[in-house]
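My notes follow in the order in which I looked.

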Amino acid sequence: MKLYLERCSLDHLTDLTNFARRTFVDAFETQNNPKDFKDYINTAFTNEAFEEQLLNADSQFYFVKLKTDIVGYFKLNENEAQTELKGNESVELERIYVVKEHQGKKIGHWMIREIIEKARIAKKEFLWLGVWEHNLAAIRFYQKHGFTKFGTHPYYVGKDKQIDWLMRLDLATLDA
């Protein structure tokens, strides 16, 4: 399977919004209060919200493609675009999703390797992310790739306060 990355621009706005919305709904809709979830989706997954993020020089979205099909995407934040740490020594992996019909094909593993390489090229010390404490499969996935928990923070889906684990991967330890 030959995968490749395509950096998203404003030309990708509609495809990015639709794909991000679809993958988030597939992953979490059944585990959330319907009203809170709908309110969140209708705020966070709009063309306007994604346009603002695409225009931020410290945020980058990438499609993962197989031939011409989008099979996944991720978002990286640096500097002030990071949701929590804000330092220039780190990069935040804010989103990483694989479309349901392509899960289980090691695409996520490929994506993590690409993300690590991007962080190394940018000369970052560590990569970090937030993952919902109840998303045990994702937590195991990140642990398998060397991420460790270093804290928690609240994440709101509508009015529903949820807790994300903050996890980090020290890039220097990968070279040891």
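**Charged pairs, strands and core**

I began with aspartate 170, which counts as partly exposed at 30% relative accessibility, where buried means under 20% relative accessible area, exposed over 50% and partly exposed in between, with a 1.4 Å probe and protein chains only. Its salt-bridge partner is arginine 168, with the closest N and O atoms 2.6 Å apart, and arginine 168 is likewise partly exposed, at 24%. I took a salt bridge to be a side-chain nitrogen of Lys or Arg within 4 Å of a carboxyl oxygen of Asp or Glu.

I note that this is a predicted model, in which local features need pLDDT of at least 70 and side-chain atom pairs count only at pLDDT 80 or more, while totals for chains, interfaces and linings use all residues. Residues are numbered from 1 along each chain as its sequence is written, and side-chain values use heavy atoms, with hydrogens and water left out.

Searching the whole structure, I found 6 salt bridges. One of them joins glutamate 6 and lysine 65, at 2.8 Å between the closest N and O atoms; because glutamate 6 lies in strand β1 (residues 3-7) and lysine 65 in strand β2 (residues 59-66), the pair ties together parts that are 59 residues apart in sequence. Helices (H or I, at least four residues) and strands (E, at least two) are DSSP runs, numbered from the N terminus. Glutamate 6 is partly exposed at 23%, whereas lysine 65 is buried at 14%.

I then followed strand β2, where 8 of the 8 residues are buried, so the strand is largely enclosed by the rest of the structure. I checked its pairing, for which DSSP must find at least two bridges between two strands: β1 and β2 pair in the antiparallel sense over 5 bridges, and 8 bridges join β2 to the antiparallel strand β3 (residues 69-78). The hairpin of β2 and β3 has 2 residues between the strands, and lysine 67 in the turn has a positive phi of about 55°.

Last, I looked up the largest nonpolar core, which has 50 residues; such a core is a set of buried Ala, Val, Leu, Ile, Met, Phe, Trp, Tyr and Cys residues joined through side-chain atoms within 4.5 Å. Helix α4 (residues 107-121) gives the most to this core, with 7 residues. Among the residues with the most contacts inside the core are Phe45 and Leu93.
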